[in-house]
Amino acid sequence: MGTKPIILGAGVAGISAGYHLKKKGVDSVIFEKDADWGGLCGNFTIDGFRFDRFVHFTFTKNEYVKNIFEQSSPTYSHPSVSSNYYQGKWLKHPAQNNLAPLSTDEKVKIIEDFINRPKIEFSEIKDYEQWLRVQYGNYFAENFPFRYTRKYWGVEPRELETRWVGQRMHSPDIDEVLRGAFETQDKVFYYTNFMRYPKKGGFRSILNSSREGLDIRFNKEVVEIIPEYKKVIFSDGTAEEYSELISSLPLPEITKYIKNCPADIAAESEKLRYTSGYMVSLGFIRPDVAKHLWFYIYDEDIPPARVYSPNLKSEDNVPSGCSSLQAEIFFSNGSSIPYANDVLNKTVCSLEKMGLFNKSEIIVKDIRFEKYANIIFDQNIYVAREKIINYLIKMKIKSIGRFGKWDYLWSDQSFLTGNLSSGN
């Protein structure tokens, strides 16, 4: 029997690659380092509480992907209504359009700076800090997105470039700012009106139909790739030959595994920056702890950047009569990562002080770490990424997924990278 295509990673992109190959009549083998499938779209269950590995929704407008996801699992469609916590006040999201809860003095500062914000052509903007000042004015930029950037990206705004922003952040006009300062806005200013989430089985259920019939082998961690002989070696001492190699491994990882990888490519890999993250998952004995589908926290003395409510996403995620929260805490690579227990305790104490719950109501408490959470879009990313991906192409390795493409991809976009016949 001849060798088959090998796919590294059983996350959304790897599952997609196997699915699309199977549609063409080609059998592949997926090797996954973990003991389960799903990657960052996977989940875990503790005493009847289900938590996703990092937090996901699907809001794809791509009909092809939408149909596949919906065939896999019926979904709830949640309005994209989220909130922001800022110095003891709750503002609807996005904050720049919903200033009403703030004091008059602070609203005046924000509006004055918005009117007098720097007038610079977008083509002349050099970094994300400048982009934020031009969009929102100095006071709002410094007290909201500057703080959130440090918490979510782990870097200062001036260290980021701006091409990644796209439609992710709303840019208001003066009418929207003024109306939001005087009255509560019913309009949703988010980049999508609805967020969809599977009714049962957690987020990875959107991949159920794609996963059917695939050969996935677990606990298979790559330690070496030998392109010359089309061979992959695993930590358990086994080796597999391939007809083609498709990888969703992060670019900084795969370059470590390729035998005789050139020094200049290894050096480019060192330039790629990313965030790592802790997930603090909490289950409660009462049903009404969760008040928001998700919310953002701007206070820098409170560890989480974002908090989501698994039970509001789907009641299937908790036992009857219970509720849950999941908080994300991020750090840039190269920064000092605090001990898990310290992060867990500080997060629980901070959320309790916010009035979300009493510690006595917690019946499940968990913290987990993910090395790769998000891509940091600094000024070096595009040149370094292109050199590495071109090298992989030369080695006849197809790189897919968020970390294989090294891009800010949502779940549907990551899924599409696995459809290799479409040119991704």
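Trainee: What should I know before I start?
Mentor: Residues are numbered from 1 along each chain as its sequence is written, and side-chain values use heavy atoms, with hydrogens and water left out. Because the model is predicted, local features need pLDDT of at least 70 and side-chain atom pairs count only at pLDDT 80 or more, while totals for chains, interfaces and linings use all residues.

Trainee: What is the strand order in the open sheet of five strands?
Mentor: The order is 9-2-1-13-19, with parallel pairing; strands are DSSP runs of E, at least two residues, numbered from the N terminus, and two of them pair if DSSP finds at least two bridges between them.

Trainee: And which strands stand at the edges?
Mentor: Strand 9 (215–217) and strand 19 (397–399) do, each with a single partner strand, so one side of each has no neighbour in the sheet.

Trainee: How many bridges join strand 1 to strand 13?
Mentor: Three bridges join strand 1 (residues 6–8) to strand 13 (residues 245–247), and I6 has L245 as its bridge partner there.

Trainee: Switching topic, which residues have the most contacts inside the largest nonpolar core?
Mentor: They are F144, I225 and W406, in a core of 100 residues; such a core is a set of buried Ala, Val, Leu, Ile, Met, Phe, Trp, Tyr and Cys residues joined through side-chain atoms within 4.5 Å. Buried means under 20% relative accessible area, exposed over 50%, and partly exposed in between (1.4 Å probe, protein chains only).

Trainee: Is C261 buried or exposed?
Mentor: C261 is buried, at 18% relative accessible area, whereas C349 is partly exposed at 28%.

Trainee: How many disulfides are there?
Mentor: The count is zero, taking a disulfide as a pair of cysteine sulfur atoms within 2.5 Å.

Notes. Helices (H or I, at least four residues) and strands (E, at least two) are DSSP runs, numbered from the N terminus.
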